[in-house]
Amino acid sequence: MAETTTEQKLISLKINDRDVQVPAGTLLIEATRRIGTEVPSFCYYPGLSLQAACRMCLVEIEKFPKLQTACTVVATEGMVVRTATDQVRNARKYMLEFLLTNHPLDCPVCDKGGECELQDMVFRYGADTSRFVEEKIHRPEEKWSELVYYDAPRCILCFRCVRVCDEGMDVKALGVGMRGANSVIIPNREDHLECEECGMCIDICPVGALTSGTYRYKTRPWEMQYVPTTCAHCSNGCKVTLSVRNHEIMRANNRDLSGINNDFLCVKGRFGFDFTQHKERIRQPLLRRGDKLFPVSWEEASQAAATKLKEIHAKHGADSLGFIGSNRTSNEENYLFQRLARATFGTNNVDHHRTADYTGLITALGERASDSLLTMDQLYHSKAVLLVGNDPTNQNPLAAWQIRTGIRHFGAKLFIINEREIKLHRQAQVFAKVGQGQEAAALRYLAHEEGQLPPPLVEQLVQLKAGLEAQSDVAIVFGAEVSGAAIAQLVAFGSKLPGKTRYMALGDYANSRGAADMGVLPDRLPGYMHLDSAANRHVVQIFNEDHTSLITTIMAIPNERLEPAGKTILTYDERPADQPMALAAWFYPGDTFGQEFVYPKAEAEQLSRLNKRKVPSMDSDEGQKQEAAAQPNPESAKPEPANPPAEAKAAPTPAPSPAPKPENTQVAARHEAELPHTASLLPLIGLVGFSLLSVAALLRMTLRS
């Protein structure tokens, strides 16, 4: 978690007559990939334990009598390695012949066709014939669950699925049964699977042995377009790549290892996209007439909303209106929403469904907020983690994955305060079980040793405190159970710990953090700035505390360009550079009153232009901006890579510099497509922003009349 300042020791070796320098402890297979030379493998996967089962990564090493597995041999000073000699090529060809002994030749109907690593290797090394004449061992396909199917004859026993389920997910739902050629992968309940249904085993499988119940036999990789977006479920902000055919989402994964989640996706991120085609999904505005709702156009809905809101505003005043925002819409929509409430209607009655207290955390940290917020990468590299409340495994799965992986890779220490025995408590050094709602009391005791608590809990908290004080650079992660004054107590305790303590609040919904960041709050502007703070007066002027004069100004605007005589309206782009939590880059380019209100007669043209150039974004728990939709790419129809470069995934041993892409692998960047909104996991993106602008425009024209 702390910044790495010590230089890694580098060792020098030769690979295919090329001089290479890599950090000490680097595996040969990773060393070859750093120079763009791929050594094939089926069982090796970065971040998981070493298996050496497939024997495809054999290489020649000078002074070694036999070929060695590059996935288990560590590079050493002066080592001379050759990866493409005749002996190596023949060994790989014969290994493929052995793997195909019982493998069915059903590539034309296999779901993995076109992105199968075994298929790629057979094409490359020419293992197109077999010397085996014995009958293949046949087994029927098994349905382990509604989402996971297993075809034993296709399995090459690389054990990736077993290891990712055991080590990565800590579920241990898969194992190996039988021996020799009869070996098979078996589920934990004999004939069916009981697990979290995350689908990691499906995505990590190099062949078509494990297939998805939602995707199988529906399409081919080259028939789909690939659209990167942000997961629409929890607040961790995972990047998801949607595979789309004919405007329908066929599957979701993240095989290109991009985003803060690398290759990880939980069950919601991987399978929770069926709502986009649900028959009850609302696809256009509904307007109530009498006791029934009728579908109408956006223009009609905007006009009806504008008329009704103006009527209530004129009759009862600005404070009679309330604006309830969303923690599932994008930053841009949330910003426009609170700006509509404040600038057009003159009310601060704006809020949203809140879970994690991001405002409380920013307030408690004060000036330290800019460098005290925890990122997912820092959570992974942390030496110690304090988890207060929340159940990350179910509520924030990426956070749980980072904690588990940090424990495996770096020996991180986990300390938990919770009222429930959550799954992560199995890996905790100290688990302090509190009563319902007692998290705040426990934190007060840790910070000041105040309050009356049960003796067993006090004993646990003493052990927890001693354990944390023995660590440095602690990562503190907390859920919605901790809010307000309890966060101040937590920060007070964290400030006493050695090193640099960082904090992360875990929300519940896709843009919980973004809604707060964008000021969908009654007492805060975007960037958590107080409405009544004298220091922020130059920013508050944007929304004009004299709301009546602002509306009067708008009413007096002619149908030409908005240029309020003698009135200066500041924009976020004009904020002083020393202001904390600057958000200028998160808004529309040139988003000023002067441009938002230009040419009312051509409002539709401007709205269309704004909508086309907008790239919606959301904020993850760590505060990182995640683009929620892609820019169009003409090459979007190309299939995704069958065997993406493994060096892209974070490994315990960091590389001294980014590695070039392997020269021999089927490498293709994730392609993006401009698709209808039904292809996005954020169904309101664009539509809500357009409607908000439309309502604002109609209100301005209505107020003028």
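On helix H15, the exposed residues Pro455, Pro456 and Glu459 sit on the face turned away from its buried side. Exposed means over 50% relative accessible area and buried under 20%, with a 1.4 Å probe and protein chains only. The model is predicted, so local features need pLDDT of at least 70 and side-chain atom pairs pLDDT 80 or more, while totals for chains, interfaces and linings use all residues. Residues are numbered from 1 along each chain, and side-chain values use heavy atoms, without hydrogens and water.

H15 covers residues 455-469 and reaches 21 Å from its first C-alpha to its last, close to the 21 Å expected at 1.5 Å a residue. Its buried residues are Leu457, Leu461, Leu464, Lys465, Gly467 and Leu468. Seen down the helix axis, these fall within an arc of 160°, so they line one face of H15. Among the elements that cover them are strand E19 (413-418), helix H14 (439-448) and helix H16 (485-494).

The whole structure has 16 cavities of 30 Å³ or more. A cavity is a set of points on a 1 Å grid over the protein atoms alone where a 1.4 Å probe fits but cannot get out; lining residues have an atom within 4 Å of a point. Ile202, Asp203, Ser212, Tyr215 and Arg255 lie nearest its centre. Helix H5 (200-204), strand E10 (210-212), strand E13 (248-253) and helix H6 (267-271) each supply at least two lining residues.

| Lining class, second largest cavity | Number |
|---|---|
| Nonpolar | 5 residues |
| Polar | 5 residues |

Notes
1 Å grid on protein atoms, 1.4 Å probe; cavity = no way out; pocket = protein on both sides within 12 Å on 5 of 7 lines; lining within 4 Å. Points joined across faces, edges and corners; volume = space filled by probe spheres on them. Helix = DSSP H or I, 4+ residues; strand = E, 2+ residues; numbered from the N terminus. Nonpolar A, V, L, I, M, F, W, Y, C, P; charged D, E, K, R; others polar. Expected span 1.5 Å × (residues − 1). Arc of directions from axis to C-beta. Contact = heavy atoms within 4.5 Å.
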